Structures are given as structure tokens and as C-alpha cells.
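Subject: Structure handover and notes

Hello,

Please find the structure below, followed by notes on what was found in it. The notes go helix by helix and contact by contact.

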Amino acid sequence: MLGSMSRSRVLTKGSRWALFGLFLILMIITMVIQSVMAAIVLLLDGIVADVAATMLSTVVSMVLSVATAVSYVELRQVQEGTSVDELAEIFS
């Protein structure tokens with residue numbers, strides 16, 4: 001575990017504030033959308049509201065996962081010069 005934390009520290013050096021800002025913005029957007037959705041759920045009530053809430057949760061999770069993966073690929077490319085093809089080969 002300490003090795004992975006050390007690797008993360010090295011990989012994010014010089015980009016920590018940008019990453020923090022990115023995820024802060026994503027979280028603020030998520031909270032705004034969820035607040036609007038909560039108001040809509042109160043109006044809809046029932047199965048439609050449950051489906052809409054589940055869909056929103058799924059989309060939010062997907063966007064945050066994609067942002068994390070893209071950030072990792074970009075950091076690897078900037079810090080280590082690793083290409084996308086090399087990463088695809090590692091994970092295939």
C-alpha cells in the first residue's frame with residue numbers, strides 16, 4: 001500500500017491542484033444536479049422517481065470513473081511519456 005501511495009505522489013507531482021480543482025468542480029456539478037433531481041423526485045413520487053434517481057446515480061458514477069481514468073492516462077503521458085497504446089497493452 002505504501003508503494004502505491006508513493007507512486008501516486010510521484011505521478012501527481014505538479015498537477016495536484018489541477019486534479020483537486022477538476023474533482024471539486026465535478027462534485028459541485030453533481031451536488032447541483034442531485035439537488036434539482038431531489039426536487040423533481042418530490043414532485044414525481046413513485047417508480048418514475050426511483051428510476052430517475054437510479055439513472056442519475058449511474059451517470060454520476062460513470063462520469064467520475066471516466067474522469068479518474070482520463071486523469072491517470074494524461075498524468076502517465078505527461079510524467080512518463082507513456083502512450084495510450086502502451087497502456088492499452090498493459091491492461092489487455
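Which residues in H2 meet which residues in H3? On the H2 side they are Leu19, Leu22, Phe23, Leu26, Met27, Thr30, Ile33, Gln34, Met37, Val41 and Leu44. On the H3 side they are Val48, Ala49, Ala52, Ala53, Leu56, Val60, Val63, Leu64, Ala67, Thr68, Ser71 and Leu75. By class, this contact has 19 nonpolar and 4 polar residues, and no charged ones. Please keep in mind that this is a predicted model.

The H2 and H3 pair

H2 covers residues 16-44 and H3 covers residues 47-80. Their axes are 10 Å apart, and the packing angle is about 175°. Angles over 145 degrees count as roughly antiparallel, so H2 is roughly antiparallel to H3.

H2 has 29 residues, and from its first C-alpha to its last it reaches 41 Å, close to the 42 Å expected at 1.5 Å a residue. H3 has 34 residues and reaches 49 Å between its first and last C-alpha, where 50 Å is expected at 1.5 Å a residue. The residue that follows H2 is Asp45, with a positive phi near 55°. H3 is followed by Gly81, and the phi of Gly81 is positive as well, near 70°.

The buried residues of H2 are Leu19, Leu26, Thr30 and Met37. Their cover includes H3 and helix H1, residues 2-12. In H3 the buried residues are Ala49, Ala52, Leu56, Val60, Ala67, Ser71, Leu75 and Arg76.

Leu56 is in helix H3. Why does Leu56 count as buried? Its relative accessible area is 16%, and buried means under 20%. Leaving out residues up to four places away in sequence, Leu56 touches Ile33, Gln34 and Met37.

Ser71 and Ser6 are 65 residues apart along the chain, and their C-alpha atoms are separated by 17 Å.

Ile47 is another residue of helix H3. With a relative accessible area of 68%, Ile47 is exposed, since exposed means over 50%. Ile47 and Leu24 are 23 residues apart in sequence, and the distance from C-alpha to C-alpha is 32 Å.

H1 against H3

At what angle do H1 and H3 pack? The angle is about 70°, and the axes are 9 Å apart. Angles of 65 to 115 degrees count as roughly perpendicular, so H1 is roughly perpendicular to H3. Arg7, Val10, Leu11 and Thr12 in H1 meet a set in H3 made up of Tyr72, Leu75, Arg76, Gln79 and Glu80.

The aromatic pair

How many aromatic pairs does the structure hold? There is 1. Trp17 and Phe20 form this pair, with 5.8 Å centre to centre and 90° between the planes, which is edge-to-face. The two residues lie in helix H2, and because they are 3 residues apart, about one helical turn separates Trp17 from Phe20. Trp17 has 72% relative accessibility and so counts as exposed. Phe20 has a relative accessible area of 48% and is partly exposed.

Regards

Technical notes
Residues numbered from 1 in each chain as written. Predicted model: local features only at pLDDT ≥ 70, side-chain atom pairs only at ≥ 80, totals over all residues. Heavy atoms only, no water. Axes fitted to C-alpha atoms, helices over the stretch in contact; angles between N-to-C directions. Helix = DSSP H or I, 4+ residues; strand = E, 2+ residues; numbered from the N terminus. Parallel < 35°, antiparallel > 145°, perpendicular 65-115°, else oblique. Contact = heavy atoms within 4.5 Å. Nonpolar A, V, L, I, M, F, W, Y, C, P; charged D, E, K, R; others polar. Expected span 1.5 Å × (residues − 1). Buried < 20%, exposed > 50% of the residue type's maximum accessible area, 1.4 Å probe, protein only. Phe/Tyr/Trp six-rings, centres within 6.5 Å; stacked < 30°, edge-to-face > 60°.
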